Amino acid sequence: MPMKAGREYRVLQDFSLVPRDEGAEEYRVKGTAVVFNTPTCLYEFDGVKYYEVIDRHAFDECDMSDVIFNYNHGGKVVARLRNKTLALQIDDTGLHMEADLSGTAAGRELYEEIDGGYIDKMSFSFVVAESKYDVETHTRTITKIRKLYDVSAVDIPAYEETSISARSFFEEEYSKEIAALEQAERRRRLIARTRT
């Protein structure tokens, strides 16, 4: 999967086919791209789990002017908002998508691969505008997303690839926490020495 600088990638839930009427030539898929206010463990280091939550209002000012649906964040575009073959809907539970894949040969082929169970996960790419971090719960809450680029069908949604940016965020927070603990320990030892 081609990683683009500045973008973050997340693996999503499974998605499903929209049932076809007998003999119909529809090629529609739907799913929930983002679930709001639900902690997801994205990283674990030294037994400490780091979580991420996407706030219900994170997409309120998001640029979603031309989101695309493709394969592995880099394949051919098989649906897009601009030509109305991709629809996005936000409600209190999350960001939902539905795509009509009938317009291209690549889209119809992707539909058949989804129908056959070869591809069953989605991912999305975005840029964070604002987030906050709770040191106590090791939770990053994304409060504003600047831009949503795509929702993609992915074959192997490996966390090693899709959460590099999240991992680097949490590694930095872990380093800060360790540095704070070391500083507190040095302070404690210094105070203990001055009392003796």
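This is a predicted model: local features need pLDDT of at least 70, side-chain atom pairs count only at pLDDT 80 or more; totals for chains, interfaces and linings use all residues.
Colleague: Happy to start! How are the residues numbered, and which pLDDT do local features need?

Modeller: Numbering runs from 1 along each chain as its sequence is written, and side-chain values use heavy atoms, with hydrogens and water left out. Totals for chains, interfaces and linings use all residues, side-chain atom pairs count only at pLDDT 80 or more, and local features need pLDDT of at least 70.

Colleague: Over how many bridges do β10 and β11 pair?

Modeller: Strands here are DSSP runs of E, at least two residues, numbered from the N terminus. Two of them pair if DSSP finds at least two bridges between them. β10 (residues 121–134) and β11 (residues 139–154) are antiparallel, and their bridges number 13.

Colleague: Nice. Which residue in their hairpin takes a positive phi?

Modeller: Four residues sit between the two strands. The one with a phi near 55° is H138.

Colleague: Is F36 buried or exposed?

Modeller: F36 lies in the loop between β3 (28–35) and β4 (40–45). Not counting residues up to four places away in sequence, its contacts (heavy atoms within 4.5 Å) include I54, F59, I90 and L95. Buried means under 20% relative accessible area, exposed over 50%, partly exposed in between (1.4 Å probe, protein chains only). Because its value is 5%, F36 is buried.

Colleague: And how many disulfides does a search of the whole structure find?

Modeller: A disulfide requires a pair of cysteine sulfur atoms within 2.5 Å. C41 is partly exposed at 33%, and C62 is buried at 12%. The number of disulfides found in the whole structure is zero.
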